[in-house]
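Here are my notes on the aromatic contacts. Please read them with the model open.

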Amino acid sequence: MSRQGGAADGAVRLARWSVTSGSAAQSRGVVVIEGGDHHWRASATGNGAVDALFRAVDDALADILEGHPRLVAYDVHAVAQGPDAEGRVTVAILPPEGGGARPGGPYSGDVQSTNIIAASIEAYVQAINAMLAEAPWADAAAAAASRRHGRPSARHDHRAELGVGEPHDPTAW
């Protein structure tokens, strides 16, 4: 059975993201994710813009998810024709392997936009929220935030340090 994500109380949300990609450079994604009054930040590299952003989301939420979700479907479909046409991105994930008492899935996210990269990462976060809405994952975000309250996570020494209002030049990498 597939569960579709959406905004819900206690859900995490993508506050902002940035990605650089090119034919002669490895792609790098940076994300800031919020949940309640907590913020998780990470950067990652990947095989293309979408892969780099998905990996950055996984790294930012590693304390919550206790591993990386398994991507089982990624579909992009044109909704119309022309320069203003939108695409629909559907993402499906399974919980991280070794989830023990946290089985389930697949969980899906579905977003339509003229920006396929934005739709991809938003659909991925929707799918994660659908997973976090299940009973076995209840309060995972709050528990992870309280574990790291007042101390940085040694697991994520590669985090991007982005502040509100700070200029950010993604080409400076």
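1. Tyrosine 124 is buried, because its relative accessibility is 2% and the cut-off for that class is under 20%. Note that this is a predicted model.

2. Which partner does tyrosine 124 stack with? The partner is phenylalanine 54.

3. Phenylalanine 54 belongs to helix 1, tyrosine 124 to helix 3 (residues 116–132). They are 70 residues apart in sequence, so the pair ties those parts together.

4. Phenylalanine 54 is itself buried, at 7% relative accessible area.

5. The whole structure holds two aromatic pairs. Phenylalanine 54 and tyrosine 74 make an edge-to-face pair, with 6.1 Å from centre to centre and 85 degrees between the planes. This pair also joins distant parts of the chain. Phenylalanine 54 lies in helix 1 (residues 49–60), whereas tyrosine 74 lies in strand 5 (residues 70–78). The separation is 20 residues.

6. Is tyrosine 74 buried or partly exposed? Its relative accessible area is 32%. Tyrosine 74 is therefore partly exposed, since that value lies between 20% and 50%.

7. Taken together, the ring pairs link Phe54, Tyr74 and Tyr124 into a cluster.

How values were computed. Residues are numbered from 1 along each chain as its sequence is written. This is a predicted model: local features need pLDDT of at least 70, side-chain atom pairs count only at pLDDT 80 or more; totals for chains, interfaces and linings use all residues. Side-chain values use heavy atoms; hydrogens and water are left out. Rings of Phe, Tyr and Trp (its six-membered ring) pair if their centres lie within 6.5 Å; planes under 30 degrees apart count as stacked, over 60 as edge-to-face and the rest as tilted. Helices (H or I, at least four residues) and strands (E, at least two) are DSSP runs, numbered from the N terminus. Buried means under 20% relative accessible area, exposed over 50%, partly exposed in between (1.4 Å probe, protein chains only).
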